[in-house]
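This report describes a protein model for a reader who has the sequence and coordinates at hand. Please consult the display below alongside the text.

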Amino acid sequence: MHIVVCIKQVPDSAQIRVHPVTNTIMRQGVPAIVNPYDLYSLEEALRLKDKYGGRVTVLSMGPPQAEAALRKAISFGADDAILVTDRVFAGSDTLATSYALASAIRQIQKDMPVDMVFAGKQTIDGDTAQVGPGIAKRLDMQLLTYVSSIPALDMENREITVERRAEGGVQVLRTKLPCLVTVLEGNNEMRFATMANMFRAARYPLKVWDKDGAGIEDITKTGLKGSPTIVSKVFAPTAKTVKAEIIDTESNQPKDLAVTLLAKMFTQHPQLQREIGKSAN
Amino acid sequence: MSDANETSQAPKKPAGRRKFELDPALAAYKGVWVFIEHERGKVHTVSWELLGEGRKLADKLGVELAGVVLGTPGDMSRSFCAEAFRHGADLCYLMEDELLKDYRNEPFTKGLTDLVNRYQPEILLLGATTQGRDLAGSVATTLQTGLTADCTELAIDPENRSLAATRPTFGGSLLCTIVTLNYRPQMATVRPRVMAMPERDESRSGRIVEHPLGIVEASIITKVLEFIPDNLQDKPQLAFADIIVAGGRGLKKPENFHLIWELAKVLGAEVGATRPLVQDGWVEADRQVGQSGKTVRPKLYIAAGISGAVQHRVGMEASDVIIAINSDPNAPIFDFATYGIVGNAMTILPALTEAFRQHLATAKLAG
């Protein structure tokens with residue numbers, strides 16, 4: 001069994017700050033991490049490997065620094081790692097990203113057939129959740145998104161059964177390999193890296209592919225050129241013209257502030273009286 | 001939305017208001033479509049919210065608004081169409097087939113893609129749900145067109161009639177507006193509760209355009225073995241809560257979060273939290289309010305120790321009344337809250353709980 005896990009290096013968005021005056025992103029010092037949602041997928045892939053044997057290859061597209069994310073994945077137990085990096089990919093939107101990654105997966109297939117591709121449910125920087133479905137479509141793989149568990153995998157008949165989060169419930173689906181799986185958060189936890197794997201990660205000869213290595217056939221489908229969506233502007237949200245009415249009392253004691261707030265609110269928004277009475281009953 | 005550009009070598013240059021001529025073949029694409037999502041005989045409310053928003057876009061463009069219903073033959077699918085008319089649709093594209101009983105990626109992608117190719121809408125909107133996101137990504141890739149995820153605002157650019165879709169970016173610190181210039185349809189997803197529910201008009205009706213799916217079950221590889229409905233009692237229901245009390249990093253320690261619960265209990269409110277608190281395991285993920293959590297529209301939202309970063313703001317700013325408690329007078333939350341108390345949430349919260357309790361007791365005596 002061979003699983004390819006797609007991962008992305010992202011800035012730790014919890015630590016991104018916007019400059020209060022210029023409204024620009026302050027990127028300095030923001031650490032790069034492996035997209036947290038990708039780790040649930042990687043862990044699930046590693047569990048399948050533990051149970052059924054086989055290999056796990058991690059794949060990432062990004063700048064040369066993204067190497068760190070791939071080494072991290074090796075330290076958790078992935079067997080191989082490939083970084084797809086080329087200036088032509090800069091500015092790729094989700095359509096162009098799925099084109100490049102699907103092309104790279106076809107290259108991987110040439111060495112060893114791929115039974116499953118795992119991808120994060122979404123990233124924490126783009127948050128689009130579109131690259132996984134896009135890769136599946138391009139590789140003509142069955143798509144299984146928001147998978148919460150994999151109760152059965154039958155390698156002989158090449159069948160997989162998964163539980164998938166749907167609106168209002170859980171769908172139990174059975175499909176054929178090859179398939180692309182995105183894993184829902186919270187159903188597993190990334191294992192600790194073993195000392196042996198950490199050493200292996202440090203020495204691991206990472207494969208780095210440029211556009212030719214990744215087998216890109218049509219360069220116009222990559223990067224900015226291959227991206228139908230265009231960012232027309234980036235801006236900070238405008239403050240409302242009316243700012244919050246700051247509650248102030250002479251004492252500024254919590255109790256006075258609370259009572260003053262309630263009196264003011266119920267006068268200006270009398271409907272809330274009813275609402276609160278209703279909910280509290 | 002650009003998924004790879006943030007980490008790419010070269011920053012993406014904003015395209016600005018560059019002039020462009022729409023390819024004549026693409027100019028034939030007309031009309032605004034909303035995918036009507038349903039599961040177990042119920043339409044997801046996000047579809048009605050999207051019809052409300054789609055109506056505005058269609059009116060601005062001077063075109064028709066259509067609902068797209070893929071379902072089993074019979075009364076149920078027809079009733080979904082009727083309901084779509086009442087929520088603003090002029091017509092519905094209806095694809096009926098037993099194969100469409102449960103949502104599955106393959107037949108739904110085929111069905112929706114065929115409809116788009118045949119009837120050529122300029123805009124296609126879907127809910128950013130587990131179903132809508134699964135479907136939208138597949139359809140956009142098949143059609144090779146642009147898709148903007150999780151939009152918080154949709155507008156028509158008056159200069160070139162293109163869809164200007166605004167969404168948070170950079171982990172929710174800024175907003176960006178995305179356009180899809182020379183591709184059709186322009187696709188976008190919107191999360192539930194982000195847009196307001198339109199007025200339902202019982203007198204409205206419309207016409208139905210039928211189209212066959214044209215595949216057989218044997219050609220579909222994925223089978224649905226079972227559907228296990230959620231036990232709703234087990235899950236927090238933030239999306240439709242009337243009152244929400246939420247906490248953020250300003251509460252300092254997980255032990256302090258009980259102050260949120262106590263106020264919520266007095267008010268009969270739901271409890272929410274910011275992303276860092278959920279990531280650190282203070283509360284379950286279902287309680288996260290914000291871009292990567294739930295979007296809420298309560299009548300009253302109490303935010304304690306929440307700074308009001310865009311990521312959180314887009315999930316709750318549609319609340320009718322917002323009370324913000326924060327020790328930093330410059331916290332962005334005071335820019336859009338209704339009332340603000342500058343102070344320590346740990347001391348203000350118990351005082352507020354007590355004040356509400358007394359108010360309710362008095363109201364009860366009087367009532």
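The sections that follow treat the interface, the salt bridges, selected residues and a surface patch.

## Basis of the model

The structure is a predicted model. Local features are described where pLDDT is at least 70, and side-chain atom pairs are counted only at pLDDT 80 or more.

## The interface between chains A and B

Chain A and chain B each bring 100 residues to their contact. Between them an area of about 8700 Å² is buried, and carbon and sulfur atoms account for 60% of that area. On the polar side, 29 residue pairs are in polar contact between the two chains, with both partners at pLDDT 80 or more. The interface also holds four salt bridges.

A salt bridge with an N to O distance of 2.8 Å joins Arg165(A) to Asp230(B). Arg165(A) belongs to strand β10 of chain A. The side chains of Arg165(A) and Asp230(B) are also listed as a polar contact, at 2.8 Å. Within chain A, a polar atom of the Arg165(A) side chain lies 3.4 Å from the backbone oxygen of Gly169(A). Apart from neighbours within four places in sequence, Arg165(A) is in contact with residues of both chains: Tyr146(A), Val170(A) and Leu184(A), together with Thr130(B), Asp230(B) and Lys235(B).

Glu275(A) is located in helix α7 of chain A, which spans residues 271–280. Is Glu275(A) buried or exposed? Glu275(A) counts as buried because its relative accessibility is 7%, under the 20% limit for that class. With residues up to four places away in sequence set aside, Glu275(A) touches Asp242(B), Ile243(B) and Lys299(B).

Phe266(A) sits in helix α6 of chain A, residues 254–268. A relative accessibility of 6% places Phe266(A) among the buried residues. Not counting residues up to four places away in sequence, Phe266(A) touches Leu272(A), Gln273(A) and Ile276(A) in chain A, and Phe356(B) and His359(B) in chain B. Between Phe266(A) and Leu144(A), the C-alpha to C-alpha distance is 49 Å, and the two residues are 122 residues apart in sequence.

## Salt bridges within the chains

Over all chains, the count of salt bridges comes to 42. In chain A, Glu159(A) and Lys176(A) form one of them, at an N to O distance of 3.8 Å. The pair links strand β10 (residues 159–166), which holds Glu159(A), to strand β11 (residues 169–176), which holds Lys176(A), across a separation of 17 residues. Glu159(A) is partly exposed because its relative accessibility is 25%; Lys176(A), at 37%, is also partly exposed. Elsewhere in chain A, a network of salt bridges links Glu43(A), Arg47(A), Asp50(A) and Arg191(A).

In chain B, the closest N and O atoms of the salt bridge between Arg55(B) and Asp90(B) are 3.0 Å apart. Arg55(B) lies in helix α2 (residues 45–61) of chain B, and Asp90(B) lies in the loop between α3 (75–86) and β5 (91–96), 35 residues apart. Arg55(B) counts as buried because its relative accessibility is 19%, where the limit is under 20%. A salt bridge of 3.4 Å, N to O, also brings together the side chains of Glu202(B) and Arg86(B). This pair is 116 residues apart: Glu202(B) is in the loop between β11 (186–190) and β12 (207–210) of chain B, whereas Arg86(B) is in helix α3 of chain B. Glu202(B) is exposed, since its relative accessible area is 51% and the class begins over 50%.

## Helix α2 of chain A

Which residues of helix α2 of chain A are buried? In this helix, residues 67–76, they are Ala69(A), Leu70(A), Ala73(A), Ile74(A), Ser75(A) and Phe76(A). Residues three or four places apart in an α-helix point the same way, because there are 3.6 residues a turn. After α2(A) comes Gly77(A), which has a positive phi near 130°.

## A nonpolar surface patch

Met195(A), Met198(A) and Phe199(A) make a nonpolar surface patch of about 340 Å². Met198(A) is placed in helix α5 of chain A, residues 195–203. Its relative accessibility is 40%, so Met198(A) counts as partly exposed.

Conventions: Residues are numbered from 1 along each chain as its sequence is written. Chains are lettered from A and ligands numbered from 1 in the order in which they are written. Side-chain values use heavy atoms; hydrogens and water are left out. Patches are made of residues with over 30% relative accessible area and no salt bridge: like charges are joined within 9 Å, nonpolar side chains (Val, Leu, Ile, Met, Phe, Trp, Tyr) within 5 Å. Accessible areas come from the Shrake-Rupley method with a 1.4 Å probe; for residues, only the protein chains shown count as cover. Helices (H or I, at least four residues) and strands (E, at least two) are DSSP runs, numbered from the N terminus. Buried means under 20% relative accessible area, exposed over 50%, partly exposed in between (1.4 Å probe, protein chains only). Contact means heavy atoms within 4.5 Å. Buried area is the accessible area (1.4 Å probe) that two parts lose on being put together, summed over both. A polar contact is a pair of N or O atoms within 3.5 Å; within protein, one must be able to donate a hydrogen and the other to accept it, and residues adjacent in sequence count only if both atoms are side-chain atoms.
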